[in-house]
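Colleague: I have just opened this entry and would like to learn how to read it. Could you walk me through it?

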Amino acid sequence: MNRRTRPRTASRVAAVQALFQGEQAQESLETVIEQFVRFRLGVLPGQDGFEDGRIPDAEVPLFSRIVRAVTKEQDVIDPLLITALPDDWPLARLDPVLRALLRAGVCELRMKDGPPPRVVINEYLDIAHGFFQGEEPRMVNGILNALARQLRPEEFAGEHQQG
């Protein structure tokens, strides 16, 4: 990440990392949120940023909202992802960071008061580029674009979907 990041993007990066950590360590979401708020988010006195994996510019309310919503709504989010994934890529086969990223993106697309779909897609595409060098960002773009059109078709009215 750049020295100064966009706070909402930083919040999303932190949410992806927290979702990954929760899944890998089998920790409760409240434990993970508390750990991130105490040890990973914000700037430490006398330091200027990203030491020890810190995410200084993250907004705690957005971070917490995404992590809680993904966890609460995973039984709705995962089936949406499964339908959007290629048949030969079951959800369990995805890299755990990619799985966390897609869950967070779909979660935000489902938020009625969330940002416009194109903002969500662009944010998570940027995050994917930060984590992956291969085809994963392209997969993120395709899956989130398809699900955005399914979940918020009114925001794409009049457009022709490219295929």
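Colleague: Let's start with Ala-100. Which residues does Ala-100 touch, not counting residues up to four places away in sequence?

Modeller: Ala-100 touches Val-16, Leu-19 and Phe-20. Keep in mind as we go that this is a predicted model.

Colleague: Where is the place of Ala-100?

Modeller: You will find Ala-100 in helix α5.

Colleague: Is Ala-100 buried or exposed?

Modeller: The cut-off for buried is under 20% relative accessible area. Ala-100 has a relative accessible area of 1%, so it counts as buried. For the protein as a whole, buried residues make up 42% of the 163 residues.

Colleague: Now the overall fold. How many helices and strands does the secondary structure come to?

Modeller: There are 7 helices and 0 strands. Reading from the N terminus, the order of elements is α-α-α-α-α-α-α.

Colleague: How should I describe two packed helices?

Modeller: The general idea is to give the angle between their axes and the distance between the axes. Take helix α1 (residues 7-25) and α3 here: they pack at an angle of about 40°, and their axes are 8 Å apart. The two helices are therefore oblique to each other. The crossing of α1 past α3 is right-handed.

Colleague: Which residues in α1 and α3 meet?

Modeller: From α1 come Arg-8, Ser-11, Arg-12, Ala-14, Ala-15, Ala-18 and Leu-19, and they meet Leu-62, Phe-63, Ile-66, Val-67, Val-70 and Thr-71 in α3. By type, the residues of this contact are 9 nonpolar, 2 polar and 2 charged.

Colleague: And at what angle do helix α3 and helix α5 cross?

Modeller: Helix α3 (residues 60-72) and helix α5 (residues 96-110) cross at roughly 95°, with axes that come within 9 Å. Angles of 65 to 115 degrees count as roughly perpendicular, so α3 is roughly perpendicular to α5. On the α3 side, the contact is made by Ile-66, Ala-69 and Val-70; on the α5 side, by Arg-103, Ala-104, Cys-107 and Glu-108. This contact divides into 5 nonpolar, no polar and 2 charged residues.

Colleague: One last thing: what share of contacts between residues at least 6 apart in sequence join residues at least 24 apart?

Modeller: That share is 67% in this protein. As for the surface, the protein exposes about 8800 Å², with carbon and sulfur atoms supplying 51% of it.

Note on methods: Residues numbered from 1 in each chain as written. Predicted model: local features only at pLDDT ≥ 70, side-chain atom pairs only at ≥ 80, totals over all residues. Heavy atoms only, no water. Axes fitted to C-alpha atoms, helices over the stretch in contact; angles between N-to-C directions. Helix = DSSP H or I, 4+ residues; strand = E, 2+ residues; numbered from the N terminus. Parallel < 35°, antiparallel > 145°, perpendicular 65-115°, else oblique. Contact = heavy atoms within 4.5 Å. Nonpolar A, V, L, I, M, F, W, Y, C, P; charged D, E, K, R; others polar. Left-handed = near helix turned anticlockwise from the far one by under 90°. Buried < 20%, exposed > 50% of the residue type's maximum accessible area, 1.4 Å probe, protein only. Areas by Shrake-Rupley, 256 points an atom, 1.4 Å probe, with all protein chains shown as cover.
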